[in-house]
Amino acid sequence: MSYLTLSITLIFVIIPLLLSKTLRLGLEKDTIVATVRSIIQLLAVGYILKFVFESENILYILLMVTLMIAAATHNARKKGKAIEGITWKIAVTLVFVEVLTQSILLGFQIVPPTAQYIISISGMVIGNSMVLSILFLNRFTAEVETHRDETELILSLGGTPKQAIHRQLINAIKASMIPTIESQKTMGLVQLPGMMSGQIIAGADPIQAVQFQLLIIFLLLTTAAVSSVLLGFLSYPSLFNQRMQLLKGKF
Amino acid sequence: MSTLYEPALHINDVNYSMGDVHILKNITGSFPKGKITTLVGPSGAGKTTLLKLCNGLISPTSGDIFIHDKPISSYEPTELRRHVGIALQSAPMIKGTVYHNLALPMELQGRKLAEQDAIAILEDVGLDKLFLHRKTNDLSGGQLQKVSIARTLNNRSEILLLDEITSALDRSSLHEIEELIVKINRKYGTTIIWITHNLEQAMSIGDYTWVLMDGQVIETGESDLLKSPMNEVVRQFVQGGAE
Ligand SMILES: Nc1ncnc2c1ncn2[C@@H]1O[C@H](COP(=O)(O)OP(=O)(O)O)[C@@H](O)[C@H]1O
Ligand SMILES: [Mg+2]
């Protein structure tokens, strides 16, 4: 696509702008900001990726992955402010998931060890892990708050913090994984996954695109399960103190 | 209070604050071993807070609580909480049936509760065995209190803390539970600390009574003290009846 054709695509921005103006939706400013931001951000990423892919330098790859993990951690930590040390707990989760998935992919030579593959797949894994962390933290904080009585009851009867929080932890882990599993059930029927569509448009063999998409689907199942479980088990202890008391006002 | 008795639990100058709120102020005293001490006072006086301190659900801001001359902070929390059992005021339940709740204390230690034993416990608190597999959601306030008491008794604690456990019971159930607790007290020598807003109950059941008001112990002594309190404020409280 040339920059000229790309400019023509701005028609797709003008239509909502006109609609917003005529119907007084008041969305003109937001639409323009969103358009400008996406142009700048994506072009910048495109040029950076081009540079990194061409250089094939392991240091640049590591730097890119580190930046992704930092940005994802920063995004997810807001949901878990009440949990002490949540920043490093999310970071540990993301790093673990990234190392685990890349070790399997590269170790079994499922994908070639090139910047192109490592960075694109890392982006998907880290992005999904971040979403899972946010889903988990939202649900977990809500569960802990609603079931304070039960937690206190189990502690009062001589249960450990782990026993006292077990049901809430399991509920939150399950709830956070459900969207991943559900969306995969309808994959290909309701919607073609974005990455597969992209590959097909770019001229790839559909069967190969499907095979690759299957790999990603399985990968994201692992990502979802490992992220929630690991973050869950890292998080719950900070709701209690050394005397096995549920800390007040945490949530 | 008489010092002839060995204290099961001794409280030494305990304060408890939450933020700026001073909830318990300089509490000192002993609960005699093998006796029933009733705790009375207006709501908000700090009675529940005092029991939670004894069970280790919370820790004093200053001061200490002793069992066998050792501060409770030196005991393993899980061990302490089994030794000093508590029946909480709100009778909270875990999700599931009456059986799940009765079996909880054992389950927390990796043990099972035989169905026969569960039925026997239900009978002790005056519930029919038909209740065993009912969901706790379907029970009345009084029935929940009975399950809560039965569950706490399953830990066979040497010290029992009871927080308004009969507030939702009708007269005949109330007497049934009172008899059960007295029986446990006599049979096993269990030390009982019993919060009640029923002053009649505080006198008839208690060997000793503490009157708490506004975070302070205002008067203590043999439970008859409630008939003719020394303190003017306590007299007004007693005459005004329980709230
Ligand atoms: N979790 C809490 N947060 C804030 N205040 C509390 C909390 N628990 C108890 N209090 C306050 O402490 C005081 C004593 O409460 P409590 O021990 O429950 O009294 P009682 O059992 O005698 O009715 C009350 O004024 C109550 O508002
Ligand atoms: Mg109370």
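A: A polar contact here is a pair of N or O atoms within 3.5 Å, where, within protein, one atom must be able to donate a hydrogen and the other to accept it, and residues adjacent in sequence count only if both atoms are side-chain atoms. This is a predicted model, in which local features need pLDDT of at least 70 and side-chain atom pairs count only at pLDDT 80 or more, whereas totals for chains, interfaces and linings use all residues. Residues are numbered from 1 along each chain as its sequence is written, chains are lettered from A and ligands numbered from 1 in the order in which they are written, and side-chain values use heavy atoms, with hydrogens and water left out.

Between chain B and chain A, 13 residue pairs are in polar contact, both residues being at pLDDT 80 or more. On the side of chain B that touches chain A, at least two residues come from each of α1 (47-55), α2 (77-83), α3 (98-107) and α5 (141-153), helices being DSSP runs of H or I with at least four residues, and strands runs of E with at least two, numbered from the N terminus. The largest share of that side, five residues, is supplied by α2(B). Sorted by class, the side of chain B holds 15 nonpolar, eight polar and six charged residues; Ala, Val, Leu, Ile, Met, Phe, Trp, Tyr, Cys and Pro count as nonpolar, Asp, Glu, Lys and Arg as charged, and the others, Gly among them, as polar.

Counting contact as heavy atoms within 4.5 Å, chain B contributes 29 residues and chain A contributes 17 residues. The two chains bury about 2000 Å² between them, 58% of it on carbon and sulfur atoms, where buried area is the accessible area (1.4 Å probe) that two parts lose on being put together, summed over both. Within chain B, Leu57(B), Arg81(B) and Leu108(B) lose the most area to chain A, together 28% of what that side buries.

One salt bridge is found across this interface, the term meaning a side-chain nitrogen of Lys or Arg within 4 Å of a carboxyl oxygen of Asp or Glu. Lys52(B) and Glu152(A) form a salt bridge through their side chains, at 3.1 Å from N to O. Over all chains, the whole structure has 10 salt bridges. Another of them joins Glu54(A) to Lys50(A), with the closest N and O atoms 3.8 Å apart; these two residues lie four residues apart in helix α3 (residues 28-55) of chain A, about one turn of the helix.

Chain A itself has 10 helices and zero strands, and its C-alpha atoms fill a box of roughly 70 × 55 × 35 Å along the principal axes.

As for the ligand, α1(B) gives the largest share of the shell around ligand 1, three residues, a residue being counted if one of its heavy atoms lies within 4 Å. Oxygen atoms of ligand 1 lie 3.0 Å from a polar backbone atom of Gly46(B) and 2.5 Å from an N or O atom in the side chain of Thr49(B).
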